[in-house]
Amino acid sequence: MSDSNLYRLSYVPETTLGTTPAIAGLVAMRSTRITGESLVHTIQNVVSDELRSDRQIPDMIQISGQGGGGINFELHHPAYRAFHDDMLQAALFNNWDIIARKHNITAANENVSVAVTTGIYTINSGGAAFLSGHVVMASGFTNAANNGIFTVSASTGTTVTTSNTSSVSEASPPVGATLEVLGIQGASADIAATTAGGTNNLTCTAADFVALGFKAGDYIKIGDASNAIFGFSNALLNVFARVVTVAAKIMTLDTLPSTTTWAADAGTGKTIRIFRSDRLINGIVRKSFTLERGYLDHTVPSYLVHTGMMVNELGLQLQAGAIIKGNYNFMGMGHSTSTTSLGTPENPSTEQVMSSGANVADLLEAGASQASPNLVNSLQVKVSNNLRILQAVGAVAGVGMGLGRCEVSGSLNAYFGNLNLYNKYVSGAETSLYTRTYAPIPSSVIASGQRVFAIGIPLMEYESGQASAGQSNSDIFAQLGFKAKRHPTFNASIILHRFSYAN
């Protein structure tokens, strides 16, 4: 007998498609947080066509086998090395674009430690990516004084000097100790808001937006509520926005909340902080996994192992009055069974599950917050990779995976308050969608602040639409199906953003 409450699903990223790597050192099994799964390895058998005088079947022969099925989940922030971190990259066939991060996978593997000298973090390499003016978050250290949000004043290849004046020596931080760039902090009055050319701009004099890591298509948060000095005096400017264009001394923004009226502000007496998200767009980088299903309540535990598993589809569902849910559908190659686990998995993340009510900060259509009378009741987003198993003579399992076109589609159901949305379907107008979710940072990471995860469809059209009165005593919705197109500037059909910290 098996009980779903005594079941464990874990995974390890593969370096070679279909080959499980050795579980040792920096290569570890990772835990998942799921609500259910339908994983299966399907073996195709054929019956021999040989004729027999007694009318019986002479034999059955295995001719092929492939893995597949889905994993269902409730959405939480895709923290680094957590389940969604890996699977979202696999679903979009790309890597997160980050500025800089050092993280201890095993004790001191990145040598993220704190020197005796106040505020200096030592690392194994890559310190040059941490620049003066960067804002960093240190987390996961044993000594609480070494955790927090600081600014960088200098760096070398192996050291990062920060504003942490309370740090204490910690030569051997635990697994998970991290130093990562969150964004930038300008010198006093260096960053300003302007309306030159009739656009929404951020400008600087001493800083260099490009050198500090900003790119077109980035999602940013202006200001830090932890201290008024880190934001503009005009509170309407301390918001989330998208970077349309960026040069060394100016960034042009759009996708602002509808409550924001952009205005000039010189930032006098302020050291403005601008947080930049990690960014993930659809691409062509293949990622595969070995998935292990563990039935731990057996007298001798049983394990089903699926190799060469790639994410064929990603689905996300935001429904009013419900937890944000989703699913990953896989296609894979090999299969085996065992009574011994591949390895003890890392503990899962402790990020809070998010709902479509309490944890959705904004939903923008064509860059404007959706408001009455067209409030959104539900949103679904789907990414389909159209994978196919490659087969060859001499092999029962698949020998490779063919990539199809990346198709991003979905549906938007909004209360039918007027023709504003429906007419976009009728006219074939181009539009866009952005939704932003947030949740508190786990107290085990840092004392306060928020995690932010945003989904962007930068260019799309509605391909279906209706507004039917289905029955009495019910609401009428504009039910719109959409399909994304490549955005010519951002070179993406979908963009995901995550902030390790925003406040």
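## A walk from backbone to core

R81 counts as buried, because its relative accessibility is 10%, and buried means under 20%. This model is predicted. R81 sits in the loop between β5 (60–74) and α1. Its phi is near 65°, a positive value in a residue other than glycine. Why remark on that? Most residues other than glycine have a negative phi, and most peptide bonds are trans.

A366 has a positive phi of about 55°, although A366 is not a glycine. Look for A366 in the loop between β24 (360–365) and β25. A366 counts as partly exposed because its relative accessibility is 43%. The bond from S372 to P373 is cis, with omega near 10°. P373 lies in the loop between β25 (368–369) and β26 (376–384).

The largest nonpolar core has 46 residues. Those with the most contacts inside this core are L291, L314, Y328, F330, I494 and L496. Helix α1 (residues 83–92) gives the largest share of the core, six residues. Pick out L314 and look around. Leaving aside residues up to four places away in sequence, L314 touches F73, L88, A91, L92, N327, Y328, V381, K382 and V383. There is also a second, separate core of 22 residues. Among its members are A193, C204, F214 and I220.

Charged side chains come next. Side chains of opposite charge can pair when their charged atoms come close. The count of salt bridges comes to 22. Start with D278 and R101, whose side chains meet in a salt bridge at 2.8 Å, N to O. This pair links distant parts of the chain, 177 residues apart. D278 is in strand β19 (residues 278–281), and R101 is in strand β6 (residues 101–103). D278 is buried because its relative accessible area is 6%. R101 counts as buried too, at 14% relative accessibility.

D278 also meets R498 in a salt bridge, at 2.9 Å, N to O. R498 lies in strand β33 (residues 495–502) and D278 in strand β19, so this pair ties together parts that are 220 residues apart in sequence. R498 is buried, with a relative accessible area of 2%. Which residues make up the network of salt bridges around D278? D85, R101, E180, D278 and R498 are linked in it.

Another salt bridge joins E461 and K485, at 2.8 Å, N to O. E461 is in strand β31 (residues 450–466), while K485 is in the loop between β32 (477–484) and β33, 24 residues apart. Are these two side chains in buried residues or partly exposed ones? E461 is partly exposed, with a relative accessible area of 26%. K485 is partly exposed as well, at 28%.

Finish at the surface. V47, I57 and M60 form a nonpolar patch there, with about 300 Å² of accessible area together. I57 is found in the loop between β4 (40–47) and β5. I57 counts as exposed because its relative accessibility is 59%, and exposed means over 50%.

S336 counts as partly exposed, at 37% relative accessibility. Beyond residues up to four places away in sequence, S336 touches Y303, L304 and V305. How far apart in space are S336 and F453? They are 36 Å apart, C-alpha to C-alpha, and 117 residues apart in sequence.

Methods: Residues numbered from 1 in each chain as written. Predicted model: local features only at pLDDT ≥ 70, side-chain atom pairs only at ≥ 80, totals over all residues. Heavy atoms only, no water. Core = buried A, V, L, I, M, F, W, Y, C linked by side-chain atoms within 4.5 Å. Buried < 20%, exposed > 50% of the residue type's maximum accessible area, 1.4 Å probe, protein only. Helix = DSSP H or I, 4+ residues; strand = E, 2+ residues; numbered from the N terminus. Contact = heavy atoms within 4.5 Å. Patch = residues over 30% accessible without salt bridge, like charges linked within 9 Å, V, L, I, M, F, W, Y side chains within 5 Å. Areas by Shrake-Rupley, 256 points an atom, 1.4 Å probe, with all protein chains shown as cover. Salt bridge = Lys/Arg side-chain N within 4 Å of Asp/Glu carboxyl O.
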